[in-house]
Amino acid sequence: QRTQVAIIGAGPSGLLLGVLLHQAGIANVILEQRSGDYVLSRIRAGILEQTLTELLDEAGVGARMRREGLVHHGIYLSTQGQRHRIDLSALTGDKSVLVYGQTEVTRDLMEARMAAGLQTLYEVDHVSVHGIESSPSVRYQRGGQSHELHCDFIAGCDGFHGISRTSVPRDAIRTYERIYPFGWLGVLADAPPPAEELVYAQHQRGFALCSMRSRTRVRCYVQCNLSDKVEQWSDERFWAELRCRLDGETAAALQPAPALEKSIAPLRSFVAEPLRFGRLFLAGDAGHIVPPTGAKGLNLAASDVRYLSRGLIEHYRDHSDAGLDSYSEKALRRIWRAERFSWSMTKLMHCFPDIAGFDHKLQQAELEYLLSSRAAQAVLAENYVGLPFED
Ligand code: FAD
Ligand code: DHB
């Protein structure tokens, strides 16, 4: 079998790339190790930057998002028993973010792919990449049979635990990593959100976040120990801990409800450099991870895909490799900015078990400065709504 671009992974990166390439008349096949239902059952991000919503519109999959997504013009920071609104729109020349779950983005992309009759091979095993310097192919097994897909390019969109990045020779890649000494316990539940916008809370017992998926569905998180197991967190314990970390106004409006989903995610910063190895390109979580505090993971995946799709389209349409040649460098510049922001938000809002005294006082001073300075709030806001693209 042969295609132009073989895409490994049917998460948001792979699906979005596939739809954008198809629109430009570039043939592509997606190989995914899980089932479609499993991919849709993963509850992850929920905040979309304008750059991502515009890309989804461009891909022709934005209609439901525009109907059902909630436009947010601000966020709350909660600390010392009080919450303070950061007016994102006033601080950024009227930019905003959209609340629309990653699950829904994925579903819309899957449906577009299906409607266009594009091939997505789910539940494939033993995926491996070959010939990335000259004539690439992807080998895989499906239903016990071995197959080989020949192509011009391979897009590694297979997430942090995928095989694309780890297939590259060790001396061709450099990685940068920070692992944080805590995780996030997340709960999805059918209840109205305690505030009309997201509440990010700093508290001595740890960070907490009240987000949402709609006006009747909340997604809330509490900072937890890395060794914690989901079974140790009954619904009662979760809501009590969350309430205790919130300011009075938010806590009073919190309505506990049975968890529809509950999971623990570790926090990590990670960047691989470069993102191109011959005819193999990494995009999304395959190349980098941010801690979730700045809501950047999904948005950054989409920005890689924007650069990569444009590079591939230029290659086929204009016979120019300028976009592909600059992909890694351009994408990495934006990635490091998002890494910086996500790291700084994580440092500002979490309780670090190993810091005390001086560092703790600095953290408090930084938060107080932020809440008293419009300039500091403008820095947060311009990063939160998403930095502009270079082109
Ligand atoms: P993924 O969504 O990971 O997709 C990769 C796909 O590749 C998967 O479908 C996987 O099954 C498939 N795959 C893996 N290995 C192979 C293989 N060998 N062969 C074939 N297919 C393979 N971001 C936020 O902004 N906010 C959040 O709250 C948030 N929460 C998160 C919670 C968790 C538990 C995780 C893991 C991530 C979270 N993120 C969050 C980050 C965000 O969800 C990711 O940045 C986003 O999913 C990246 O999309 P992707 O398509 O690059 O990778
Ligand atoms: C969500 C997750 C985040 O990491 C964040 O910063 C904001 C919202 C969410 O899942 O809704």
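This is a predicted model: local features need pLDDT of at least 70, side-chain atom pairs count only at pLDDT 80 or more; totals for chains, interfaces and linings use all residues.
Biologist: Why is Ser78 called buried?

Modeller: A residue is buried if 20 or more other C-beta atoms lie within 10 Å of its own, exposed if 12 or fewer, and partly exposed in between, with C-beta atoms placed from the backbone. Ser78 has 25 C-beta neighbours inside 10 Å, so Ser78 counts as buried. Ser78 lies in strand 5 (residues 75-79); helices (H or I, at least four residues) and strands (E, at least two) are DSSP runs, numbered from the N terminus.

Biologist: What is Ser78 in contact with, leaving aside neighbours within four places in sequence?

Modeller: Two residues are in contact if their C-beta atoms, placed from the backbone, lie within 7 Å. By that rule Ser78 is in contact with Arg83, Val199, Tyr200, Ala201, Leu246, Asp247 and Thr250.

Biologist: Why is Gln80 called partly exposed?

Modeller: Gln80 has 14 C-beta neighbours inside 10 Å, so Gln80 counts as partly exposed. Gln80 lies in the loop between strand 5 and strand 6 (82-86).

Biologist: Is His126 buried or exposed, and why?

Modeller: His126 has 11 C-beta neighbours inside 10 Å and therefore counts as exposed. The place of His126 is strand 9 (residues 125-130).

Biologist: What makes the phi of Gln80 worth noting?

Modeller: Most residues other than glycine have a negative phi, and most peptide bonds are trans. Phi of Gln80 is near 50°, a positive value in a residue other than glycine. His126 also has a phi near 50°, again positive and again not in a glycine.

Biologist: Which peptide bond is cis?

Modeller: A cis peptide bond joins Glu273 and Pro274, with omega about -5°. Pro274 sits in the loop between strand 17 (259-273) and strand 18 (276-277).

Biologist: How do you know that Leu267 is buried?

Modeller: Leu267 has 22 other C-beta atoms within 10 Å, so Leu267 is buried. Leu267 is in strand 17. Its contacts, leaving aside neighbours within four places in sequence, are Tyr180, Phe182, Gly183, Trp184, Pro291 and Thr346.

Biologist: Why is Glu197 called buried?

Modeller: Glu197 has 20 other C-beta atoms within 10 Å, and is therefore buried. Glu197 is in the loop between strand 13 (174-189) and strand 14 (199-201). Leaving aside neighbours within four places in sequence, Glu197 is in contact with His72, Gly74, Ile75 and Tyr76. Glu197 and His73 are 124 residues apart in sequence and 8.2 Å apart in space, C-alpha to C-alpha.

Biologist: What makes a set of residues a nonpolar core?

Modeller: Such a core is a set of buried Ala, Val, Leu, Ile, Met, Phe, Trp, Tyr and Cys residues joined through C-beta atoms within 7 Å. The largest nonpolar core has 105 residues, of which Ala6, Leu17, Ile154, Ala155, Leu209 and Ala283 touch the most other members. Helix 9 gives the most to this core, with 8 residues. Ala6 touches Val29, Leu31, Val138, Leu149, Cys151 and Ile154, not counting residues up to four places away in sequence.

Biologist: How is the packing of helix 1 and helix 6 described?

Modeller: Two packed helices are described by the angle between their axes and the distance between the axes. Axes are lines fitted to C-alpha atoms, for helices over the stretch in contact, and angles run from 0 to 180 degrees between N-to-C directions. Helix 1 and helix 6 (residues 102-115) pack at about 35°, with axes 10 Å apart.

Biologist: Which residues are around ligand 2?

Modeller: A residue is near a molecule or strand if its C-beta atom, placed from the backbone, lies within 6 Å of it. Around ligand 2 these are Ala45, Gly46, Ile47, Leu198, Ser211, Arg219, Pro292, Thr293 and Ala295.

Methods. Residues are numbered from 1 along each chain as its sequence is written. Chains are lettered from A and ligands numbered from 1 in the order in which they are written.
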